[in-house]
Amino acid sequence: PVIYLKDYTAPKFQIDSIALRFDLEAESTRVTSLLKVRRHPDFPEATQLQLDGHESLELVGLRLNGQVPDSSLVRRQGEQLLLDPVPEVFDLEIETRLYPAENTALEGLYLSDDMYCTQCEAEGFRRITFYPDRPDVMSVFSTTLVADKARFPILLSNGNPVEQGDLDGGRHWVTWQDPFPKPAYLFALVAGDLSCLEDHFITASGRRVALQIYAERKDLEKLEHAMTALKNAMRWDEQVYGREYDLDIYMIVAVDFFNMGAMENKGLNIFNTACVLAHPRTTTDAGFQRVESVVAHEYFHNWSGNRVTCRDWFQLSLKEGFTVFRDQSFSADMHSAPVQRVDEVAILRTAQFAEDAGPMAHPVRPASFIEISNFYTLTVYEKGAAVVRMLHTLLGAETFRKGTDLYFDRHDGQAVTTDDFVKAMEDVSGRDLTQFKRWYSQAGTPRLEVTDEYDAVAQRYLLTVRQSCPPTPEQSEKVPFHLPLSVGLLRADGQPFILATGQTTQLLEVTQAEQTFCFDGIDEQPLPSLLRDFSAPVKLSYAYTQQQLRFLLQHDEDGFNRWDAGQQLSMRLVQQLIESFQRGEALALPKDYIDTWKALLQNASEDPAMSALLLTLPSEAYISENAAVIDPVAIHHVRQFMRKTLAEALESSWLRVYQQHDGEQAYSPEAAEIARRSLRNTCLGYLMALDSPAHLALAQQQFETSDNMTDQFAALVSVAHSGFRDSADDILTEFLNQWQHESLVMNQWLMVQSTDPRPGALSRVKQLLEHPVYDSRNPNKIRAVIAAFCQQNAVNFHAEDASGYRFLADHILLLDKQNPQIAARLLTPLTRWRRYAPARQAQMQAQLQRIIDTGNLSGDVYEVVSKSLK
Ligand code: ARG
Ligand code: ZN
């Protein structure tokens, strides 16, 4: 069944409080829930109480004001339990029985290794008990956990622990009370034998908050980084948004089995171990940064999500887009802002733009869905963040802050909409943002075509902007967006013009389909630097010459645009080379292109982090997203050719920069050291493209002697993906032996092999699925092998015999029975079939058809497949 935003109706009953009791028994769990129910005054006529409950949920008992109701009053209908008629105010007691050990979907209550945990967002609570499982029903929760004390010494839930005691038979209990009313999706419990890192934080107003991060004992030494990140995030939210934490205790628990990254349950965040554990020996610098940003993200949700939540799931970006924007701003403040921006935009322009161009394209605020889990997307998260960023840019930091203050004050304790968020921004700025709101309702990536004209006599420069947006499913016609276009103008000597605002960057507000902006007092022909800092999530085109791109790469003061000029320069060449490759011609790189890289390498020490990015070719994903018809073989060969040619032409420079950036001291997680490692390992990657024994020895030595995972892993990848077959096997075995007891490191080991672009990858991937470190029920392992192969090994996944497509469809069918959320996510590469040549299109469609013909699919997989075939 399709659910539509336009059909939203307010809840007719509210739940004043809910008292839950969980008896965690050996084979199953008994849940009793006591609800204080009250009819909403707006619906005096309402007599029917609608509770949500998953079809598999076992109802054991039901009492209304202490009495078993007549069976004619109770009806189970699909996902709902209906009681009719009910009085205006009453108590409802519900008993259900759950089987957490059999819960492989990892929604609701389940076991992760020997630990009970929950995942309720979006609709997991209905797998625990019958309840109005919708975010606009907020209630005060108390939770009692009862379990065996030896096996489950730690019993956690939301809020504060208020009482505990021992029972006969070695059992014990703890009661938790959460004073803040919340929707059911923020409920959580954890029971297990866990160790804990403790610290505390003193809030701006002087309250002491206990901070606890729980993990298995063996992982205790990997929690420090998350703790530091948490304290930094708490301080940052006070300083930048004026938001203080509200409970006396903040807990994070690391679990190995988790569908997503992490979950912001009130006072009790539950994290995928991959997003919280970090140690220099076992975690790369990228892993450290992910931990920092996810810890911050979940913490920031305490205000943007928990204190102010979503009215319904169509509003998901209200909390996710805003919170991603907040965590991005935090990371920019903690590290290099332009480097952070490049990383964000790379995700948006590859994966999100591809989503906008595919059959699952949807607006930031979707209008309908079958399964909400399918809408935890890059559009809702990353484009949603870009939309909030545009408000920040249009209104300025100060007014934006006034807007968030008003939003939090006005809606504290409420479940609201993206319109409410924009309304707060309108009220503080006095601006009409009606047109801006189209960003929430129109899907697709807008195109901006920019042309210019310079009048030397009038000293006037004109920029003309034409915008359009391609059709997306159910939206063929688009109306113009309101967007901020940041521009600067450069003089021939590379100096910036001072513009009318007195600054070197000016904000143009684009609102029309076609619009011309005028700059006066421009005394020489300028070169425009457009869409600085990627001020809007659009595809911009302007007919730069190669020489102009090189000029921007050298002189633009905007770090992001400098990088982007380099990317555009490479993209031009990539496109030409792909055509040559397809015509069977010999490939060559022009000398001036190589000279540009030589200059970049020459100056690499000035800003090693940015240089590492500048010295990285556009990814295969980005090249694919920009191709008219994706030819995965050509793309891979051309990119490899470019890497190898640049490696050869500049071999001594790569080696020199590699050696110059040799770390003298022991590992340190400092920004400067991260930057150094990133540049050095970029150099190693090029050197290893040469298949030279001397460089192989260099990589092997780095592998053996490094004291940290960043350097060791970079060496591993460079050897494992090289032409040295025996060395590749040896180093993989050595790495396995060294780290086989570290599950997260084994994910990396699996991933190196599944992303190996050399021929024969599929049979190696199939062997990995049989390897003892693989676990077919663990989402991290599934992602490390199956998702990595299908999404990061295009040249093998798209093999001409369709073996990659068949492999994926086989596993989707298997996984759908086990974990529908993960199965649906794995479908993504098949949904993109329209982007390929006819032969591949037919093969991909055939597998989608085969999946749908199987019948009996989960709503998750059904929605994605059926929309993809439409
Ligand atoms: N709210 C979580 C976060 O972004 C994600 C939860 C995703 N859950 C899901 N069923 N898709 O931080
Ligand atoms: Zn989130």
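## Ligand shell and a helix pair in a predicted model

The shell around ligand 1 is made up of five nonpolar, two polar and four charged residues; Ala, Val, Leu, Ile, Met, Phe, Trp, Tyr, Cys and Pro count as nonpolar, Asp, Glu, Lys and Arg as charged, and the others, Gly among them, as polar. This is a predicted model, in which local features need pLDDT of at least 70, side-chain atom pairs count only at pLDDT 80 or more, and totals for chains, interfaces and linings use all residues. Residues are numbered from 1 along each chain as its sequence is written, while chains are lettered from A and ligands numbered from 1 in the order in which they are written.

Among the residues surrounding ligand 1 are Glu 121, His 297, Glu 298, Glu 320 and Tyr 376, where near means a C-beta atom, placed from the backbone, within 6 Å. At least two shell residues come from each of β19 (262-263) and α2 (285-300); helices (H or I, at least four residues) and strands (E, at least two) are DSSP runs, numbered from the N terminus.

The axes of helices α15 and α16 come within 8 Å and cross at roughly 145°. Axes are lines fitted to C-alpha atoms, for helices over the stretch in contact, and angles run from 0 to 180 degrees between N-to-C directions.

| Helix | Residues |
|---|---|
| α15 | 651-660 |
| α16 | 671-688 |

Nine nonpolar, no polar and one charged residue form the contact of α15 with α16.

The predictor gives the complex an ipTM of 0.98 and a pTM of 0.99.
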